[in-house]
Amino acid sequence: MKIVVFGALNAGKTTFLERASKKKLSVKGSYEGMTTSLDFTRLDYNGETVYLFTTPGHRRFDFMWEVLANGMRGAILLIDSTVGITEVDREIGGLIESKGVPYVVAVNKSDLANLSLDMVREGLGISAKVPVIPTSAICGNGVDEVLHRLMELKNERRGTE
Amino acid sequence: MKEDIEELLRNLKEKTWGDILGVAVVRPDGTVMASALPREIGEKRFAAMALVVLGTANRVCDELGAGNMVQAIIDGSKMKAILMSAGEKALLAVLASKDANVKSALSEMKRASTEVKKVMAKY
């Protein structure tokens with residue numbers, strides 16, 4: 001199953017990927033901490049193989065958001081809580097919504113800033129059904145919960161299909 | 001430095017007798033260092049796409065254990081794009097005609113890539 005981790009520049013997507021898969025990425029598609037192509041890893045979730053991708057966050061590479069969204073079965077939108085909701089976040093949120101896949105919003109760097117989850121929900125204009133979870137990819141807080149909630153949403157949807 | 005590289009790019013186009021339609025040297029963050037591209041090609045978009053393709057090709061080589069990535073060639077029905085690294089600080093991206101002699105273009109690109117590395121080492 002393909003899951004894509006979206007987010008603006010420096011939101012912590014690659015670190016999130018490493019934390020979620022419990023693997024250090026040997027080769028990153030990056031330059032000075034900025035992902036310039038894509039990062040990819042595999043993980044096992046209760047016997048199901050999950051293919052986890054990250055997108056570049058810089059608007060220069062925005063064409064890759066659509067490319068990587070192709071065929072995804074779920075998404076994670078990472079918000080940098082030290083920055084707040086940006087236009088890029090709203091744009092990516094709109095893209096994910098348009099794909100009609102289950103997704104979770106992870107309010108990352110929660111160890112550094114305390115961004116109100118209600119403000120995140122309001123800033124992105126998302127329904128109460130979308131889980132918004134504080135995370136710290138660096139410390140590991142909330143990362144497993146994000147994956148767990150996303151898989152739950154996916155299974156709920158599968159049950160209603 | 002920009003002037004030196006622009007001259008290298010002009011030479012590369014001249015030596016390939018019309019096979020090479022456009023060329024750009026791109027920094028590792030996806031910005032353009034120098035270019036000589038057809039007017040209808042968006043320089044910023046081309047640079048970002050070239051970097052993504054080269055980065056992804058690198059990942060593919062790594063995942064498959066295919067060794068170091070040498071070059072990436074996109075063979076379109078109307079045009080070709082040929083991409084190669086020019087050291088750690090730049091990549092060379094070329095647009096070639098659909099009937100271009102790829103062997104000759106690659107040979108000139110390798111030469112130009114070495115020159116780009118030399119110019120960049122000076123600064």
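The model is predicted, so local features need pLDDT of at least 70 and side-chain atom pairs count only at pLDDT 80 or more, while totals for chains, interfaces and linings use all residues. Residues are numbered from 1 along each chain as its sequence is written, chains are lettered from A and ligands numbered from 1 in the order in which they are written, and side-chain values use heavy atoms, with hydrogens and water left out.

Start where the chains meet. On chain B, 14 residues are in contact with 15 residues of chain A; contact means heavy atoms within 4.5 Å. The buried area between the two chains is about 1300 Å². That is the accessible area (1.4 Å probe) that two parts lose on being put together, summed over both. Carbon and sulfur atoms give 63% of it. Three residues, B:Asp29, B:Val52 and B:Arg59, supply 40% of the area that chain B buries against chain A, more than any other three residues.

Now the charges. Three salt bridges link chain B and chain A. The term means a side-chain nitrogen of Lys or Arg within 4 Å of a carboxyl oxygen of Asp or Glu. In one of them, B:Arg45 meets A:Asp62 at 2.8 Å, N to O. The side of chain B that touches chain A has five nonpolar, four polar and five charged residues. Here Ala, Val, Leu, Ile, Met, Phe, Trp, Tyr, Cys and Pro count as nonpolar, Asp, Glu, Lys and Arg as charged, and the others, Gly among them, as polar.

Over all chains, the count is 17 salt bridges. A:Arg42 pairs with B:Glu63, with the closest N and O atoms 3.8 Å apart. This pair runs from strand β4 (residues 39–45) of chain A to helix α2 (residues 43–64) of chain B. Helices (H or I, at least four residues) and strands (E, at least two) are DSSP runs, numbered from the N terminus. A:Arg42 is partly exposed at 40% relative accessibility, and B:Glu63 is partly exposed at 41%. Buried means under 20% relative accessible area, exposed over 50%, and partly exposed in between (1.4 Å probe, protein chains only).

Within chain B, B:Lys80 bridges to B:Asp75 at 2.9 Å, N to O. B:Lys80 is buried at 9%, whereas B:Asp75 is exposed at 57%.

Finish with helix α1 (residues 13–21) of chain A. Seven of its nine residues are buried, among them A:Phe16 and A:Leu17. A:Lys22 follows the helix, with a positive phi near 55 degrees.
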